[in-house]
2 protein chains.
Amino acid sequence: MPDSSLDQPEGAKETLASHVYDRLRQDIISVVIEPGEKLHIRSLCERFDVGLSPMREALSRLSTEGLVAQSDHRGFAVAPMGEQDLVDLTRARCWLNELAIRKSIARGDAAWEEQVVLAFHRLSRTPRFEPGQEQERSPKWEIAHRNFHSSLISASGSERIQQYCEHLFDSSERYRHVGRKAGVKGANRDKEHRALMEAVVARDADEAARLITAHFERTAELVRQVLRELKR
Amino acid sequence: MPDSSLDQPEGAKETLASHVYDRLRQDIISVVIEPGEKLHIRSLCERFDVGLSPMREALSRLSTEGLVAQSDHRGFAVAPMGEQDLVDLTRARCWLNELAIRKSIARGDAAWEEQVVLAFHRLSRTPRFEPGQEQERSPKWEIAHRNFHSSLISASGSERIQQYCEHLFDSSERYRHVGRKAGVKGANRDKEHRALMEAVVARDADEAARLITAHFERTAELVRQVLRELKR
DNA sequence: GCGGATAAAATAATCGATTTTCAAGTAGAA
DNA sequence: TTCTACTTGAAAATCGATTATTTTATCCGC
């Protein structure tokens with residue numbers, strides 16, 4: 001029985017805990033659940049139709065990851081979001097990705113270069129929205145976007161650095177979703193991606209570093225404005 | 001209220017899960033449990049005298065942290081160690097700490113400087129070994145050591161970057177313990193720490209970056225040799 | 001003897017009842 | 001009225017039994 005990702009992607013193999021972890025994680029990142037919201041275990045169990053143990057395990061994992069805040073004997077809550085946190089996150093993201101892309105350009109071979117070009121191509125060919133629903137971003141686009149950014153730094157020479165970058169990417173995704181919900185458009189995102197790809201092909205580390213930082217800071221700036229308005 | 005790690009770390013407040021997490025974590029970092037060793041839940045429950053749920057929760061947290069490897073339906077095992085992993089880890093550590101110390105020197109104020117000086121002083125005043133047992137490193141020294149390295153990067157401007165650095169520090173601690181067990185001496189470690197402190201006070205970013213990288217690479221080199229011999 | 005299928009044992013994952021803990025609300029005293 | 005001590009209800013944490021899965025052992029047919 002090959003698991004067909006159509007009917008039951010979370011079919012037979014995975015553990016319930018893993019499954020529920022993925023689902024809850026997605027809900028938090030997509031801001032389906034509000035930041036700061038209390039996570040009552042019982043309600044979650046009901047919602048996902050599992051027992052306490054797997055639910056608890058999922059929450060534990062998410063809490064070491066920083067998406068959920070845990071305090072002993074007082075349960076779990078979705079990690080709060082705020083302007084200060086966004087500043088912290090954006091800095092870490094800029095610095096780490098700049099570092100990683102420089103190292104990648106220095107160490108990456110032709111195969112890496114091709115990987116970046118390919119990832120860019122796929123991203124540019126993926127529509128940002130599903131033909132039906134214009135307000136929800138296409139999951140396919142999100143995956144392609146993720147892959148593109150991942151490819152840029154995949155030759156850095158340290159698996160861990162990449163892991164950290166991906167972790168930061170996911171954390172940012174939460175903020176991007178807040179922006180999207182408020183109607184912020186990433187207007188010339190495509191152009192920025194193209195420029196990044198071209199800098200890689202040209203092996204221009206300084207330019208790539210400049211671009212990636214600008215790319216992140218521009219997005220963060222848009223979200224910051226939304227956060228300011230929400231607070232009022 | 002500094003933690004009373006002497007009398008009763010497992011006071012009244014913590015949950016069992018948190019407590020057992022701390023204990024197991026320490027055992028893994030100190031290489032009391034061999035890398036790669038299978039972690040049979042039942043045995044662990046017996047060992048720490050808790051039920052399955054808290055044990056499972058502790059293991060879950062450790063697995064997102066990377067100290068324990070989890071595979072669905074096949075249980076948990078201590079994360080393996082190897083030369084390749086050490087290379088990856090050391091690179092990440094050098095790059096991230098260099099970055100963080102540069103940012104700290106650029107942004108840190110006088111208070112930060114004083115903090116570094118103080119942390120160094122305390123470290124230099126802490127004996128590396130407990131007067132009785134010469135082969136086990138003093139926990140107090142380890143804490144002071146950790147604090148010193150933490151202080152160096154505490155003005156970087158991003159909480160997350162610091163968290164990553166501390167995470168890497170802990171991962172390295174495992175390798176250092178392997179070295180220590182094999183009788184490797186960190187001969188002029190003290191001198192290196194002093195030089196780092198002085199570079200900070202002199203606000204010499206290039207020198208500090210050079211020193212921190214050298215510091216990590218030297219330690220890694222010693223451990224690498226031990227790993228080579230163990231493999232044979 | 002060897003390889004593949006089947007059965008048995010071991011171990012992980014899950015559930016739901018039970019225990020423990022926290023905190024909001026209430027009553028009594030100053 | 002205000003403060004403290006007690007009560008009580010809600011929620012989290014834990015346990016041990018049960019279920020599902022993997023791994024090991026065994027048995028036949030070749």
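This note goes through the predicted model point by point.

1. Residues are numbered from 1 along each chain as its sequence is written, while chains are lettered from A and ligands numbered from 1 in the order in which they are written. Because the model is predicted, local features need pLDDT of at least 70 and side-chain atom pairs count only at pLDDT 80 or more, whereas totals for chains, interfaces and linings use all residues.

2. Chain A is divided into domain 1 (16–78) and domain 2 (83–231), with bounds from an automatic or database domain assignment, and the C-alpha centres of these two domains lie 26 Å apart.

3. Around DNA strand C there are 20 residues, of which A:Leu16, A:Gly51, A:Ser53, A:His73 and B:Gly75 come nearest; a residue counts as near if its C-beta atom, placed from the backbone, lies within 6 Å of the strand. Two or more residues each come from α1 (16–29) and α3 (52–65) of chain A and from α2 (41–48) and α3 (52–65) of chain B, where helices are DSSP runs (H or I, at least four residues) numbered from the N terminus.

4. The contact between the chains takes 25 residues from chain B and 25 residues from chain A, contact meaning C-beta atoms, placed from the backbone, within 7 Å. On the chain B side, α3(B) gives the largest share, seven residues.

5. Just after α7(B), B:Gly183 takes a positive phi of about 90°.

Definitions and conventions:
Contact = placed C-beta atoms within 7 Å.
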